[in-house]
Amino acid sequence: MVDFAQSPRSTLGVEWELALVDKTNLDLVPRAGEVLNLVGKAGLDSCIVGEMLTNTVEVVTGVHEQVSGAVADLKSSVAQLREITNPLGLDLMSAGTHPFAHWREQQVTDKERYAELINRTQWWGHHMLIYGVHTHVGIDKREYVLPIMNALMCYVPHLQAVSASSPFWEDTDTSYASNRAMLFQQLPTAGLPYPFTEWREYEKYVHDMQKTGVIEQINEIRWDIRPAPKWGTIEVRVCDGMPTIAEVAAVTAFVQCLVHHFCDRLDRGLSLPTMPQWFHVENKWRAARYGMDAIIIENELGRERLVKHVIADEVEFLTPIARELGCEDELLGMLEFARIGASYQRQRAVYENTGDMFQVAKLLVDEFKSTRPSQVIAPGAE
């Protein structure tokens with residue numbers, strides 16, 4: 001049995017993975033242990049936690065009804081984290097990958113579950129030099145979880161495209177908008193979820209994975225969208241790490257509005273959008289490869305359109321729901337990705353202008369500080 005805690009409908013939580021970089025050279029530094037020790041002394045260990053690599057900390061919000069509350073929570077935690085990192089000569093940044101850091105030079109946090117992951121996955125596990133943003137949305141009826149997850153898979157390319165921020169890997173342009181998406185799915189329990197229709201099917205999957213030793217704990221299922229039974233939420237894990245809180249807010253509002261809309265449809269006995277699994281696989285690849293220029297498969301009939309145009313239509317449709325939830329301004333931020341350019345576009349623009357990966361890292365650090373994307377003229381932006 002997998003029990004699913006009941007959460008108030010459409011409540012929110014956000015997890016934002018941040019990289020620790022040296023203020024001088026902007027390379028990653030393995031100092032999370034030092035930072036987290038001071039975090040604990042300051043009584044902040046419930047909202048700032050460690051991750052698999054010692055160059056990473058994660059900022060975690062409490063439970064909120066509105067996106068604005070989650071954003072205020074993140075801002076407060078980041079401000080308090082800066083009071084700790086500044087005296088240590090550290091800066092903060094977030095992107096799907098660091099533009100020039102090398103995976104061989106990173107250290108794994110000394111915990112048994114991370115050691116087991118590396119031991120099992122070896123070369124690919126060592127390559128998990130990646131960062132993401134995870135959004136939790138409360139579900140008040142367990143029978144809604146799987147239908148909503150299946151419907152959300154139709155929106156993976158939207159979320160992947162706008163959040164794509166990992167074009168570079170070890171000083172190299174990968175030609176992907178999100179290299180992180182391609183890397184992360186190499187783990188054996190990562191990638192797109194299976195399209196289960198009954199809770200008992202999901203329970204059997206969890207049982208079989210534990211029985212055969214694939215996982216020990218349920219949170220070792222690292223799907224792009226997964227149930228979080230302990231919290232009573234659906235957790236959307238598609239997104240690359242995003243450099244600014246404005247971008248995190250936009251994506252969070254988009255996810256909250258979608259889940260709220262789907263709950264309402266299920267209340268009324270209506271169906272939710274679905275597509276064949278192979279469409280979802282193709283769409284994820286297209287968004288990871290081409291980002292905002294991806295032509296995605298929009299529905300089960302195989303209609304194709306440019307993702308930025310699909311997003312604009314979705315924002316228009318969801319605006320009344322956003323108004324009801326109090327996140328209209330944040331939802332409209334989804335349109336900014338087409339106007340200014342997603343992070344991968346802004347990063348490439350800086351590199352094309354300077355030929356210097358340090359300047360790309362500086363862009364990410366500066367944007368994180370400013371809380372909003374820079375006005376870099378990104379190729380492909382409208």
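User: Which residue does glutamate 34 meet in a salt bridge?
Analyst: In this predicted model, the side chain of glutamate 34 pairs with that of arginine 31, at 3.0 Å from N to O.

User: OK, what about aspartate 173, what does its side chain meet?
Analyst: Its partner is arginine 348, in a salt bridge of 2.9 Å, N to O. Aspartate 173 sits in strand 7 and arginine 348 in helix 14, so the bridge ties together parts 175 residues apart in sequence. Aspartate 173 is partly exposed at 35% relative accessibility, while arginine 348 counts as buried because its value is 15%, under the 20% cut-off.

User: How many salt bridges are there?
Analyst: The count comes to 25. Some link up: Arg9, Asp140, Lys141 and Asp267 form a network.

User: Switching topic, how many residues are in the largest nonpolar core?
Analyst: It has 98 residues, and Ile148 and Met334 have the most contacts inside it. Helix 9 gives the most to this core, with 14 residues.

User: What does isoleucine 148 touch?
Analyst: Its contacts include Ile139, Val259, Phe262 and Leu272, leaving aside residues up to four places away in sequence.

User: And how do helix 6 and helix 9 cross?
Analyst: Their axes come within 11 Å and cross at roughly 170°, which means helix 6 is roughly antiparallel to helix 9. The contact between them has five nonpolar residues, one polar and no charged ones.

How values were computed. Residues are numbered from 1 along each chain as its sequence is written. This is a predicted model: local features need pLDDT of at least 70, side-chain atom pairs count only at pLDDT 80 or more; totals for chains, interfaces and linings use all residues. Side-chain values use heavy atoms; hydrogens and water are left out. A nonpolar core is a set of buried Ala, Val, Leu, Ile, Met, Phe, Trp, Tyr and Cys residues joined through side-chain atoms within 4.5 Å. Buried means under 20% relative accessible area, exposed over 50%, partly exposed in between (1.4 Å probe, protein chains only). Helices (H or I, at least four residues) and strands (E, at least two) are DSSP runs, numbered from the N terminus. Contact means heavy atoms within 4.5 Å. Axes are lines fitted to C-alpha atoms, for helices over the stretch in contact, and angles run from 0 to 180 degrees between N-to-C directions. Angles under 35 degrees count as roughly parallel, over 145 as roughly antiparallel, 65 to 115 as roughly perpendicular and the rest as oblique. Ala, Val, Leu, Ile, Met, Phe, Trp, Tyr, Cys and Pro count as nonpolar, Asp, Glu, Lys and Arg as charged, and the others, Gly among them, as polar. A salt bridge is a side-chain nitrogen of Lys or Arg within 4 Å of a carboxyl oxygen of Asp or Glu.
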